[in-house]
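These are my notebook entries on a structure that I had not examined before. I set down what I looked up, in order.

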Amino acid sequence: MMGFDSEKIVLIAGPCAVEGEEQIREVAAAVKEAGIGILRGGAYKPRTSPYSFQGLEEEGLELLSRAGREFNLKTVTEVIDSEHVELVMKYVDILQVGTRNMANFSLLKKIGRLTCDNNMPVILKRGFSATIEEWLLASEYITSGGNSNVILCERGIRTFETSTRFTLDLNAIPVVKKLSSHPIIVDTSHSTGHRDMVIPMSRAAVAAGADGIMVEVHPNPAKALSDGAQSLTPQQLLQLVRELRPVAEAVGRHL
Ligand code: PEP
Ligand code: MN
């Protein structure tokens, strides 16, 4: 359903968090205008600080799903708690497990069990301190439940480097290609933490063989309730697509 094949590069874009109806509609319009087919948006946010914005929860799911229908976009959101899996599945087309939950094996098992009938795609982000082997083993908690439709997402790992939010491990792309048959996408927003680095690292990820790219977009990043510094403007989203196209073609693929 996500249209993964050996040639197409799948793009996913949207805000870090759904903040309100106007915001998610504006982003959805920008995603559509850029020719991108999948809208992301967090409704339950796994924030580092308990005092930060935690998401609009079910109202966020509702707004995301409505924006997806209005603009004819597939939708993806993160599920952070075993108790929410069924609810979240009612609203979106694709589930996401975030970096902080990669090793939440009861959540992974529950997702595997609940999606084994519909084979709903599940994006499994790499834990920021997980080895590739640990990440691949985590994916098997989902697949052994009966759903093989897992998309792996490299989103940066923690290193000693402080110039970027995390360190984007592009090595993961060829390693995963060698060890696994799942598609691998790269989140260039969380891995860099800075919007001016998102486009160059997206080009690099596509050049290295990534099957897709996920980025955060906000109509007014300075006002974003989360991750504004790494969110592209709608204008920059158009620029991303323009710059990725020739890179994709250079490696025998297309957007
Ligand atoms: C996200 O994509 O919204 C997110 C929280 O990312 P990560 O789990 O990679 O930090
Ligand atoms: Mn974010």
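Basis of the entries. I note that this is a predicted model, in which local features need pLDDT of at least 70 and side-chain atom pairs count only at pLDDT 80 or more, while totals for chains, interfaces and linings use all residues. Residues are numbered from 1 along each chain as its sequence is written, chains are lettered from A and ligands numbered from 1 in the order in which they are written, and side-chain values use heavy atoms, with hydrogens and water left out.

I then located C16 in the loop between β1 and α1 and E216 in strand β8 (residues 212–216); the two are 200 residues apart.

Ligand 1. I listed its surroundings (residues with a heavy atom within 4 Å). Among them are R40, E78, Q96, R155 and H190. I also looked for polar contacts, here pairs of N or O atoms within 3.5 Å. An oxygen atom of ligand 1 is 2.9 Å from a side-chain N or O atom of K45. For the side chain of K125 the corresponding distance is 2.8 Å. A polar backbone atom of T99 lies 2.8 Å from an oxygen atom of the ligand.

Barrel. I consulted the strands (DSSP runs of E, at least two residues, numbered from the N terminus) and their pairing (at least two DSSP bridges). Eight strands close into a barrel in the order β1-β2-β3-β4-β5-β6-β7-β8, with parallel pairing. Strand β6 (residues 150–154) pairs with strand β7 (residues 184–187) in the parallel sense over three bridges. Within this pair I found E154 opposite V186 in β7.

Technical notes
Helix = DSSP H or I, 4+ residues; strand = E, 2+ residues; numbered from the N terminus. Polar contact = N/O pair within 3.5 Å; in protein donor to acceptor, adjacent residues only side chain to side chain.
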